[in-house]
Amino acid sequence: MKLLPIVLAAAMSAAMLSGHVQAADGKKLYAEKTCSACHGATGNKTLMPDYPKIAGQNVKYIEKQMLDIKSGARANGNSAAMKGVMVIVSDEEIKAIAEYVSKLKP
Amino acid sequence: MNKRLVAALVLALVPAVAFAGAPAPKKEGIEGKGYVWNAQEGEKIEALHKKGDVKAGQEAYEICGACHLPSGAGRPDGTFPQLAGQHTTVVIKQMADIRAGLRDNPTMYPFAQTLTDAQELADVAAYIEKLCIPVDHGKYEGADAAMQVAKGKDLYEKQCLECHGKNGEGNKEKFYPVIAGQHYKYLLRQMTEIRDGHRRNANPDMVKIIKPYTNDQLIAISAYQSSMSMPGAMCKAKPGKKK
């Protein structure tokens, strides 16, 4: 009973924290985690001709590809190039980046 | 006749395929019997003979800076190494090795590939060498840091110092890298890969020396190396900026 306020506070701050990451930091993360190096500053100018433009892509699709490349479930194509940087992106951050990229102008 | 036609077709297709971001070529490295470290051949030699233009290099570095940061600082998590102040010879050799398929780095390869020629390589290397070494790189952060650094210093002075220098300055003429200011995690990863034969462009002399080292010893050596400082080459701490 005594614990309830603490549990509630923890749950609330966790929710606020994750909400905060998603809303505010997608853009920052996109540059910081070096996505822009290959996919371009606006997600539609790629380093190599066989890299995908990602601006405006479906949010769920972006998230799934990032998770799969990170886990190694997806290892075809140019995944190897991206896998090297996925170690520095948490699942939470993946969500925020996917959200941001999906809203970029294609 | 048919064979010739096929050969011609294959030849015609090769450049197109290569341009479409084909996987890195694979050149025989330390795993092969005929491996010669730092063979004096190819694009590396061409770039080494060119005079690097710092200004042109600064422009070319813009692409590098997306991952290695404009300051050259890389990332403390060890994914991207600190580059600032590195010897031109080392940058040129490593880039040429990655381009030639002698050092495996799938993340770096496409960037190395888009570099145009030996002159641009010389330019970028000249620019990188001129940058001061950032002082806020990743260090060993365990509670036993002081002990690890002391243990690492001992080991470093026994076998590493001779080539890598008292202050981690390396040796430009011999292609030995500056390690002062490098991230702890990057140092540990590279030493482990060199010991285990995964860094295929490694110097066999170093591999021989590092082979018997345990993981714990490499941790201590990395801890010490990342605590080193090269007088005159480090950036001045920004005044008023809290650490």
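Helices (H or I, at least four residues) and strands (E, at least two) are taken as DSSP runs, numbered from the N terminus. The model shown is predicted, so that local features need pLDDT of at least 70 and side-chain atom pairs count only at pLDDT 80 or more, whereas totals for chains, interfaces and linings use all residues. Residues are numbered from 1 along each chain as its sequence is written, chains are lettered from A and ligands numbered from 1 in the order in which they are written, and side-chain values use heavy atoms, with hydrogens and water left out.

**View 1. The fold of chain A.** Chain A holds five helices and zero strands, which follow one another along the sequence in the pattern α-α-α-α-α. Of its 106 residues, 36% count as buried (under 20% relative accessible area, with exposed meaning over 50% and partly exposed in between; 1.4 Å probe, protein chains only). Among contacts (heavy atoms within 4.5 Å) in chain A between residues at least 6 apart in sequence, 59% join residues at least 24 apart. The accessible surface of chain A, calculated by the Shrake-Rupley method with a 1.4 Å probe, comes to about 6,400 Å², and 64% of this belongs to carbon and sulfur atoms.

**View 2. The surroundings of A:Ser79.** A:Ser79 lies in helix α4 (residues 79-86) of chain A, and because its relative accessibility is 4%, this serine counts as buried. A polar atom of the A:Ser79 side chain lies 2.4 Å from the backbone oxygen of A:Asn76. When neighbours within four places in sequence are left aside, A:Ser79 is in contact with A:Ile69 and A:Arg74.

**View 3. The interface of chain B and chain A.** The contact takes 18 residues from chain A and 15 residues from chain B. The buried area, that is, the accessible area (1.4 Å probe) that two parts lose on being put together, summed over both, is about 1,300 Å² here, with carbon and sulfur atoms giving 70% of this. B:Arg75, B:Thr107 and B:Phe111 supply 31% of the area that chain B buries against chain A, more than any other three residues.

View 4. On the side of chain B that touches chain A, the elements that give two or more residues are α3 (54-68) and α5 (109-114) of chain B, and α5(B) gives the most, with four residues.

Conventions. A polar contact is a pair of N or O atoms within 3.5 Å; within protein, one must be able to donate a hydrogen and the other to accept it, and residues adjacent in sequence count only if both atoms are side-chain atoms.
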